[in-house]
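I opened this notebook to keep track of what I looked up, entry by entry.

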Amino acid sequence: MFAREKRLSPSPVTARPPSPRVVAGWILRRPETLTETDRLRLKAVLVHCPELDALTGRIRAFAQMLTERQGEGLPECLDAVRQDDMPSLHTLAAGIDRDRDAVIAGLTLPWNSGVVEGHVNRIKMLKRQVFGRAGFDLLRKRVLLAD
């Protein structure tokens, strides 16, 4: 009965709109890696939502700044964000402003703490493996011997 009603209804059945997760994936990916179909569907979504279109421009500008290490342009980017009518981005800009020098250094300098973070992650993994079963002495031995 359901199919018959749909078949006889005067309004055409339209395609289901993409989920927010799918749209976010399209926006966060590099534009040149999108398939032609995905590019056209994203364009259709952005036409219907001008706020999302403005957000996409800001996200891609920040991603370019991040990947090309152009931290010097951060103050201009934040000023442009504050002029937009997007309160959630205003909150993000205020958070970045609290530690602006560190963020600019992170976006500009080639050094990072990746090696240290790797060691911290390894130690946490070892700690979780013995949680509730052994004391600090065994954890210390495992950390020292786990090279």
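The entries below take up one arginine and then the nonpolar cores.

Before starting, I noted that this is a predicted model, in which local features need pLDDT of at least 70 and side-chain atom pairs count only at pLDDT 80 or more, while totals for chains, interfaces and linings use all residues. I also noted that residues are numbered from 1 along each chain as its sequence is written, and that side-chain values use heavy atoms, with hydrogens and water left out.

Entry on Arg39. I looked up Arg39 and found it in helix α3, residues 36-48 (helices are DSSP runs of H or I, at least four residues, numbered from the N terminus). Arg39 has a relative accessible area of 33% and is therefore partly exposed (buried means under 20%, exposed over 50%, partly exposed in between, with a 1.4 Å probe and protein chains only). Leaving aside neighbours within four places in sequence, I found Arg39 in contact with Pro31, Glu32 and Leu34 (contact means heavy atoms within 4.5 Å). A polar atom of the Arg39 side chain lies 2.9 Å from the backbone oxygen of Leu34.

Entry on the cores. I then looked up the largest nonpolar core, which has 10 residues in all, among them Met65, Leu74 and Leu107 (a nonpolar core is a set of buried Ala, Val, Leu, Ile, Met, Phe, Trp, Tyr and Cys residues joined through side-chain atoms within 4.5 Å). Helices α5 (74-83) and α6 (87-98) each supply at least two residues of this core, and α5 gives the most, with four residues. A second, separate core of seven residues includes Leu34, Leu42, Val45 and Leu46.

Technical notes:
A polar contact is a pair of N or O atoms within 3.5 Å; within protein, one must be able to donate a hydrogen and the other to accept it, and residues adjacent in sequence count only if both atoms are side-chain atoms.
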